[in-house]
Amino acid sequence: KGITDHFFEGKPQLFDKYWDSLKEHELRSFFHDKFGKTVLRENRPFSFVVYGASGYTGKLVLDYIYEHVKGLGTEVTFALAGRTPSKLHDRVAEIAEQFPASTY
């Protein structure tokens, strides 16, 4: 039973509408019950991780993040992950050039 089934009566159209109404403790309880553990938000080093950041889809995800996510570097932090460190370094340089006003 997934998040949509558990919180939104199995109706995907309700996910976007009501996602922000979920409380931290509700999600923590769901993930604990589903996976047997959870990590408290204050103990996480990053808000999320972009896996495959050096690939095509990773580029699209990063473009979206830098264009739409507010509070980057302060409220929202993230890490990049991929198979090839040199490609990740290249991606960071590309993002820095494309979005020079961003903080890292």
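Me: Is Phe46 buried, partly exposed or exposed, and what is its relative accessible area?

Reply: Note that this model is predicted. Buried means under 20% relative accessible area, and exposed means over 50%. Phe46 has a relative accessible area of 37%, so it is partly exposed.

Me: Where does Phe46 lie?

Reply: Look in the loop between helix H3 (24–35) and strand S1 (48–51).

Me: Which loop holds Val76, and is Val76 buried or exposed?

Reply: Val76 lies in the loop between H4 and S2. Val76 has 17% relative accessibility, so it counts as buried.

Me: What does Val76 touch, leaving out residues up to four places away in sequence?

Reply: Val76 touches Ser47, Phe48, Val69, Lys70 and Gly71.

Me: How many residues apart along the chain are Val76 and Phe46, and what separates their C-alpha atoms?

Reply: They are 30 residues apart along the chain. Their C-alpha atoms are separated by 7.6 Å.

Me: Now the helices. What span should H4 have?

Reply: The expected span is 1.5 Å times one less than the number of residues. H4 runs over residues 56–68, which is 13 residues, so it should span 18 Å. Its end C-alpha atoms are 18 Å apart, in agreement.

Me: Which residues of H4 are buried?

Reply: Gly58, Leu62, Asp63, Ile65 and Tyr66 are buried in H4. Seen down the axis, the buried residues of H4 fall within an arc of 165°, so they line one face of the helix.

Me: What do the buried residues of H4 pack against, and which exposed residues does the face turned away carry?

Reply: The buried residues of H4 pack against S1, strand S2 (78–81) and helix H5 (85–98). The face turned away from the buried side carries Tyr56 and Thr57, both exposed.

Me: What span should H5 have?

Reply: The 14 residues of H5 should span 20 Å at 1.5 Å a residue. The end C-alpha atoms of H5 are 20 Å apart, which agrees.

Me: Which residues of H5 are buried, and which are exposed on the other side?

Reply: Leu88, Arg91 and Ile95 are buried in H5. They cover an arc of only 55° around the axis, so they sit on the same side of H5. His89, Asp90 and Glu97 are exposed on the other side.

Me: What covers the buried residues of H5?

Reply: The cover includes H4 and S2.

Terms used: Residues numbered from 1 in each chain as written. Predicted model: local features only at pLDDT ≥ 70, side-chain atom pairs only at ≥ 80, totals over all residues. Heavy atoms only, no water. Helix = DSSP H or I, 4+ residues; strand = E, 2+ residues; numbered from the N terminus. Buried < 20%, exposed > 50% of the residue type's maximum accessible area, 1.4 Å probe, protein only. Arc of directions from axis to C-beta. Contact = heavy atoms within 4.5 Å.
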